[in-house]
Amino acid sequence: MDFNDTQEEAAFRQEVRSWLDANATRKSDDTQSNRARNDDPGLLQKAKAWQDKKAKAGYARMTWPKEFGGRGASPILQVIYQQEEANYLVPLGFFDIGLGMCIPTMMAYAKPEQLQRYVKPALHGQEIWCQLFSEPAAGSDVAGIRTKAERDGDDWIINGQKVWTSGAHYCDFGIVITRTDPNVPKHAGLTMFFLDMKTPGVEVRPIKQMSGGANFNEVFFTNVRIPDSQRLGKVGEGWKAALTTLMNERLAVGLPSGGLDIDELMELARETELEDGAAIRNQQVRSKIAEWYVQQQGLKLTRYRTLTALSKGQTPGPESSIIKIVAAPKMQDMGAFAMELMGHAGIMKEDVPFAAGFQAQWIGGAGFRIAGGTDEILRNIVAERVLGLPADIRVDKDVAFNQLGKK
Amino acid sequence: MNFDFSDDQKLLKEQVRKFLADKCPTKVVRRVLDGNETHADDVWKGLVDLGVPALGIPEEYGGMGLSPLEVCVAAEEIGRAAAPVPFDSSVVLATEALKLAGSDAQKKKWLPELASGKAIGTLAIAEGAQPPKPRNIRTTFGGGRLNGKKLPVTDGEAATFAIALANTGGSGDRAVSLVFVDLRQAGVTKKRIETIDPARKHAELTFNDATAELLGGEGEGWRLLERLYDAAAVYFAFAQVGGAEAAMWMARDYALQRQAFGRPIGSYQAIKHKLADCYVKLELARSNAYYGAMMLTEDGADLPLAAAAARIAATDAYDFAAKENIQTHGGIGFTWEADTQFHYRRSRLLALSIGGPMAWKDKLVTRLEQKNAA
């Protein structure tokens, strides 16, 4: 057992480091200055420029086939690139959904000339894609969407509303799942399309989140007309296409990085005086620190097991399905606990060491437990796919969508 | 990145697993639980034939000279079967104590006996109520004679020898030493004691001027014990991972088969989420155990921290799986005839015998503080 690269991996890591050194600034030890740049208003333009540079050098999507600008490389090399890139001050995150989920769905269903048109600009950061799935009445049960698409000659007319659409306010294109037949059971009446976000009738309204940020949006469709050529997959087979997208989502979700963790919690516990002395000497505090340390290590090492499989060219086991189930509540609970250590001052936004950082975890954790699959849905997935337990009995299974809830 | 066992190690694991599935089904665990035998000697002899006690013993001492990783895969399978054999006591604790602290003469004499299964060793630390500490050990060793009482001692009846912690007159942590004592002598009395896990027999050992000798330096007992427990924590973690996995699948199989309100109980989220949590804890434990094994193998600087993390995660996983296995079974799971009790009992035994989670959490943070200070 070891954590070492193979010869090929080590050589590649070296190549990546040289390239990053030549093209980006390495992060300093000072986390403050590393973070400050994320508030840069010109971030999107910088991110696009960085994405273009990366794509030109062949690092943007290494696992993609060469014809689409990839290298047909093993996923482990892409991981190595990302590990190294994380040490540099570069703007990231705008392209993950598009390249991780939307374009792979396009690759599975779009026509060759459409791929010719859309893949390259997406890869080079010139066009950004979003995923229009969730709706006000369909979150975890995403097949329950109501946005409808009706056939009109060679076109389709879309009406309805999407929500929680990450990045829609800066996206150029999107893939959208619609209901084309409400007279059949819900999974059977769906169809997937892609569309230009500037198509008349598409309106994007940002949603201010509890954290104060506004990365999510509501997207309204009012008589949006798109040609049938923008359909992905067959009419009524949208669910199959959506599963392609969502399967890629599972690969795209990683660990949130850069937040405060055990080291900062320990420093806080050393500096905090409780009734019986420094908090770090208190057994309750020590128990908590130990439990979160075991989780933190467990997640890191679980990821190493997955990477081992990738490095050997094998399919990883299901172990990575635990990551968000553990990471999200840990983030929330540890944030709340650290704030408790600070006493009443734990609510203050300034002048208290670590307060803002742990508050961000506490707030962010509440969202992270929901985004990309709730704690509850992820447990269902583990129970069904890993342990082979039966799916829930569905009262909506054989009922036409428009008859649901009417009995 | 190569954070996995080798194909050879996986093959060994498969071999031990097959043997135990065949020769140590739950009815053998029940036989020992209900009966009088000290352990399942038929299963133990088979494991000896497979070479399990010899795996981690150097070739010069009659063993197979393999790495800790081989012992880890065997431990996982022993744990999965809840096998009623002296693995934790003899293969882990006694063997590792001799390897760690034994003189060349002691190793030459006893390691080959352990490797061949001729001898069974055990560790004798606790003295009844109160967790053992250097200041509360009353058993004394002096002038080559051991006096005092040790309980509970795992496999105390079956064991050929014990390694005991005894007061040797120093002060502070240096008050105690490890002492090797042959149990086949007039100065030793063995008495079976009742415990929560009758599938693993325990004894009270009384020493009355028993002939004994130091194992390791005088006054070094506590320091050696801490190091021994770090290695043991890793092996125990694998046994706990194996047990947790077995309990989880036992619960899952029952949840598929048992119907309530017109459907399998495994289709209810209350059961599914509980079992998903078993899986989450199991994988956290497995990953931490792997790192413990890796540090143990390369004698890495991170071993004390990795061992503590493996111990805490594995204890949590096994405790949780064992108790929720009973819960998933409902009333039948609480009967004497159900197999659920084996893991419930074993999980508590393994959780307590080398120090419970609270103590290990405290140790982990101490080690984290030391690492950060360094």
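**Labels and their cut-offs**

Analyst: Chain A has 12 helices and 10 strands, where helices (H or I, at least four residues) and strands (E, at least two) are DSSP runs numbered from the N terminus. This is a predicted model, in which local features need pLDDT of at least 70 and side-chain atom pairs count only at pLDDT 80 or more, while totals for chains, interfaces and linings use all residues. Residues are numbered from 1 along each chain as its sequence is written, with chains lettered from A and ligands numbered from 1 in the order in which they are written.

User: What makes chain A as compact as a globular protein of that length?

Analyst: The globule rule is 2.2 Å times the number of residues to the power 0.38, and the radius of gyration is taken over C-alpha atoms. For 407 residues the rule gives 22 Å, and chain A has 23 Å, which is close, so the chain is as compact as a globular protein of that length.

User: Why is H1(A) called oblique to H4(A)?

Analyst: The axes of H1 (residues 7-23) and H4 (residues 75-85) of chain A come within 10 Å and cross at roughly 40 degrees. Angles under 35 degrees count as roughly parallel, over 145 as roughly antiparallel, 65 to 115 as roughly perpendicular and the rest as oblique. H1(A) is therefore oblique to H4(A). Among the residues making the contact are Phe12(A) and Val16(A) of H1(A) and Ile80(A) and Tyr81(A) of H4(A), a contact being C-beta atoms, placed from the backbone, within 7 Å.

User: What makes Asp299(B) count as exposed?

Analyst: Asp299(B) has 8 C-beta neighbours inside 10 Å, so it counts as exposed. Asp299(B) lies in the loop between H8 (269-297) and H9 (303-329) of chain B, with a positive phi of about 50 degrees although it is not a glycine.

User: Which helix supplies the largest share of the side of chain A that touches chain B?

Analyst: In all, 36 residues of chain A are in contact with 38 residues of chain B. The largest share of the chain A side, 17 residues, comes from H9(A).

Definitions and conventions:
Axes fitted to C-alpha atoms, helices over the stretch in contact; angles between N-to-C directions. Contact = placed C-beta atoms within 7 Å. Buried ≥ 20, exposed ≤ 12 C-beta atoms within 10 Å, placed from the backbone.
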